[in-house]
Amino acid sequence: MDQSQKQNSHAILFEQPRIGHLTLKNRIALSPMTRTSATEDGLATEEMGRYYARFARGCYSLVITEGTYTDETYSQGYHNQPGIANQAQADAWRRVVDAVHHEDGLIFMQLMHAGALSQGNLYTDETIAPSSVKPVGEQLDIYGGQGEFSTPREMTRHDIESVIRSFAEAAGRARDAGFDGIEIHGANGYVLDQFLTDYTNQRTDEYGGSTENRIRLHVEVLEAVRREVGKDYPVGIRISQGKVNDFYHKWANGKEDARIIFESLAKAGPDFIHITEYDATRPAFDDGETLTELAKRYTHVPVIANGQLGEPAKAEEMIANGMADVITLGKSALANPSWPKRVMEGEPVEEFDFSILQPQAYIKEHEL
Ligand SMILES: Cc1cc2nc3c(=O)[nH]c(=O)nc-3n(C[C@H](O)[C@H](O)[C@H](O)COP(=O)(O)O)c2cc1C
């Protein structure tokens, strides 16, 4: 293939999709990645500004921040995770926002509550979750954890209301700090996903039992964030089957669960749905459609696809086959902070090398 053919073959990745009122300059975004490089009290640093700006400079149209905790009680998951739980934390993020905007990029904040997977919290040693079920798997060593997770306390109605309120208030602070949009972290095993997951949610109230009930908290958080930030501010949600502590989990009722989940989310009026799967191009269940295709069918909003899309041809396949509107890169972005630029110019992309996250996940000097 000569140079011009290479460029043409990826042209679809450089179309300009819309999310809410925003027009992205291409279809390639940075996936949220926790790098535990904030101060101990959760303040984003100047170094983080330089780290995120590098992706904008490399032509990622949209940067989604690492999961950022929402309150000063149970939401923090990791030591040195950034927060947006108070005004000082919100103010600290301004330098990151400014650094990304300076490179002509857009930046969304990912809001996260760790629930039972919290393994490092400045504010409390107790963890909370839909039910008092000890998480499977082990704490993440790249964030300094070791051994089993603690057994969480079952959340009361009051806890649920506090979580909803904390997402909404954090979203308001993020909007005021200059972020271009919000992603609610509803995926990967953290608190919202703990509600959705059959084996971590044993509740008998309206948040437990049926799939409709188990997706209720996602919907209520989306609605509360929407009320807080207004109808014109971009808000979306990330959802997955797999988890950081259980990679291979699948929704028990397959496509029927997908229908219920996506139709419920759509009713809350998100501007986008971000789907992460181990490999986004694979069927979500035994055969047939990918999870992103199911999301597109039932939500009719822009769908962002994530999972092993670092090969330009795979990224392109997702878009060309109508399976997604935007793709996000995680590990491949760490290996290629200029992936969009490289692909646009027909340059090869580098393989991810896990040593970048060793001995722990904090940002390394060469990433600035
Ligand atoms: C170091 C690291 C940190 C991550 N932190 C987050 C996070 O804060 N929020 C989130 O939704 N996903 C997080 N993820 C998952 C990625 O966003 C992405 O879904 C995953 O790496 C799969 O995509 P990939 O195949 O492009 O790497 C993280 C992944 C890595 C490697």
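I take a polar contact to be a pair of N or O atoms within 3.5 Å. The model I am reading is a predicted one.

**Entry 1, the ligand.** I looked up what lies around the ligand and found 19 residues, the closest being Ser-31, Pro-32, Thr-34, Arg-238 and Asn-306. I sorted this shell by type: five residues are nonpolar, 11 are polar and three are charged.

I noted a distance of 2.5 Å between an N or O atom in the side chain of Thr-34 and an oxygen atom of the ligand. For Asn-188, a polar side-chain atom is 3.3 Å from a nitrogen atom of the ligand. Lys-331 uses its backbone: an N or O atom there is 2.8 Å from a ligand oxygen atom. I then checked the cover, and the protein hides 87% of the 610 Å² of accessible area that the ligand has on its own.

I went back to Thr-34 and placed it in the loop between β3 (28-30) and α2 (46-57). Is Thr-34 buried or exposed? Its relative accessibility is 12%, so I put it down as buried, the cut-off being under 20%. Apart from neighbours within four places in sequence, Thr-34 is in contact with Glu-66, Gly-67, Tyr-78, Tyr-143 and Ala-361.

I looked next at β4 (residues 62-69), which runs parallel to β5 and is joined to it by six bridges. Thr-68 stands opposite Leu-111 of β5. In β5 (residues 106-112), I found seven of seven residues buried. Leu-106, Phe-108, Gln-110 and Met-112 point one way from β5, while Ile-107, Met-109 and Leu-111 point the other way.

Note on methods
Residues are numbered from 1 along each chain as its sequence is written. This is a predicted model: local features need pLDDT of at least 70, side-chain atom pairs count only at pLDDT 80 or more; totals for chains, interfaces and linings use all residues. Side-chain values use heavy atoms; hydrogens and water are left out. Helices (H or I, at least four residues) and strands (E, at least two) are DSSP runs, numbered from the N terminus. Buried means under 20% relative accessible area, exposed over 50%, partly exposed in between (1.4 Å probe, protein chains only). Contact means heavy atoms within 4.5 Å. A residue is near a molecule or strand if one of its heavy atoms lies within 4 Å of it. A polar contact is a pair of N or O atoms within 3.5 Å; within protein, one must be able to donate a hydrogen and the other to accept it, and residues adjacent in sequence count only if both atoms are side-chain atoms. Accessible areas come from the Shrake-Rupley method with a 1.4 Å probe; for residues, only the protein chains shown count as cover. Ala, Val, Leu, Ile, Met, Phe, Trp, Tyr, Cys and Pro count as nonpolar, Asp, Glu, Lys and Arg as charged, and the others, Gly among them, as polar. Two strands pair if DSSP finds at least two bridges between them.
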